Amino acid sequence: MKLVKLILITAALTTNLNAQEAEFEKLEKITSMGNLENFITFYYTSPKPKLVPNAILFIRDKNLTSNSNLERHFVPFFGEVFKNNEENIPIWFESLSKLSDDDIYIFSQALLWSDSKYSKLTIENLLKKTKNKELINSINNISNEMKPINLLEADISSAEQLDMLWNSFFATGNEKFIEKILLTSEIANKPLNQIIISQTARWSIKANSKIHTKVRDFCNKNKKNYSENINLFLQSISE
């Protein structure tokens, strides 16, 4: 009887996971916040680069870049998408007009993140659309001084960086981003001030394992591959 119940629970969970990913498969146009969230969250499952200009226009029209809390989501996500579709960058941005200063700031950072051969030229064209000298100087300084961020090599010490890792995963499906978050979740031998970010990393993995088949599969197949502390955590996810 217990086995039957377990099979039913597992089947229900899988159906839930697949149903949410299937919604993305049907997405043809971004007309709502739900569409945008679905586009970003499940992009890696079946990339739809043709919807990128539509997504940027929706973000522009809803003035979403004015919310500084969304920077941690938009910059890495679009940065990774630009990186993997660099030949499309000039085409995508040529068709975009009436971008706000906030839009220009966010998408210039995403272009720098991508480290594409088209990044600097596209940023120069974006800056021609603003008269905000402070913004122009800021972007130029960032462009000249900032090296592309490599989160896989960085020390993760904030929830913001965890969000950036997740959005990089959403754009690419690269399991190295999950692994980086998992390694951040190590609790053993860590000082108290670092345990908070470890616990946050664990919470994020558990939450995303309920939404993403690939995250749950990664946890299941790797529950014997890390430290005892992390392996026990991975085991708890699959139970």
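A: Start with helix 10 and helix 11 (residues 192-209), which pack at an angle of about 135° with their axes 7 Å apart. This is a predicted model: local features need pLDDT of at least 70, side-chain atom pairs count only at pLDDT 80 or more, and totals for chains, interfaces and linings use all residues. Residues are numbered from 1 along each chain as its sequence is written, and side-chain values use heavy atoms, with hydrogens and water left out.

A few terms come first. Helices are DSSP runs of H or I with at least four residues, numbered from the N terminus. Axes are lines fitted to C-alpha atoms, for helices over the stretch in contact, and angles run from 0 to 180 degrees between N-to-C directions. Contact means heavy atoms within 4.5 Å.

Back to the pair. Helix 10 and helix 11 are therefore oblique to each other. Angles under 35 degrees count as roughly parallel, over 145 as roughly antiparallel, 65 to 115 as roughly perpendicular, and the rest as oblique. Helix 10 passes helix 11 in a left-handed crossing. A crossing is left-handed if the near helix is turned anticlockwise from the far one by less than a right angle, and right-handed if clockwise. From helix 10, the contact uses Ile181, Leu182 and Thr184. From helix 11 come Ile197, Ser198, Ala201, Ser204 and Ile205. By class, that contact has 5 nonpolar, 3 polar and no charged residues. Here Ala, Val, Leu, Ile, Met, Phe, Trp, Tyr, Cys and Pro count as nonpolar, Asp, Glu, Lys and Arg as charged, and the others, Gly among them, as polar.

Helix 10 has another partner. Its axis and that of helix 12 (residues 213-221) come within 11 Å and cross at roughly 60°. That makes helix 10 oblique to helix 12. This crossing of helix 10 and helix 12 is right-handed. Glu175, Ile178, Glu179 and Leu182 of helix 10 meet Lys214, Val215, Phe218 and Lys221 of helix 12. The class count for helix 10 with helix 12 is 4 nonpolar, no polar and 4 charged. Leu182 of helix 10 belongs to the contact with helix 11, and also to the contact with helix 12.

Follow helix 12 onward. The axes of helix 12 and helix 13 (residues 228-238) come within 8 Å, crossing at roughly 125°. Helix 12 and helix 13 are therefore oblique to each other. Their crossing is left-handed. Helix 12 brings Arg216, Cys219 and Asn220 to the contact, and helix 13 brings Leu234, Ile237 and Ser238. Sorted by class, helix 12 with helix 13 gives 3 nonpolar, 2 polar and 1 charged.

Buried means under 20% relative accessible area, exposed over 50%, and partly exposed in between, with a 1.4 Å probe and protein chains only. Helix 4 has 14 residues and reaches 20 Å from first C-alpha to last, close to the 20 Å expected at 1.5 Å a residue. The expected span is 1.5 Å times one less than the number of residues. Buried in helix 4 are Phe74, Val75, Pro76, Phe77, Phe78, Gly79, Glu80, Val81 and Phe82.

Helix 6 comes next. It has 14 residues and reaches 20 Å, close to the 20 Å expected. Trp113 and Ser114 are among the buried ones. Those residues pack against several helices, including helix 4, helix 7 (119-127) and helix 8 (133-145). Helix 6 is followed by Asp115, whose phi is positive, near 55°.

Ser119 sits in helix 7. At 3% relative accessibility, Ser119 counts as buried. Not counting residues up to four places away in sequence, Ser119 touches Leu111 and Ser114. Leu111 and Ser114 are both buried residues of helix 6.

Last, look at the loops beside these helices. Most residues other than glycine have a negative phi. Asn63 is not a glycine, yet has a positive phi of about 55°. Asn63 lies in the loop between helix 3 and helix 4. Lys98 has a positive phi too, near 55°, and is placed in the loop between helix 5 and helix 6. At 40% relative accessibility, Asn63 counts as partly exposed, while Lys98 is exposed, at 76%.

Methods. Helices (H or I, at least four residues) and strands (E, at least two) are DSSP runs, numbered from the N terminus.
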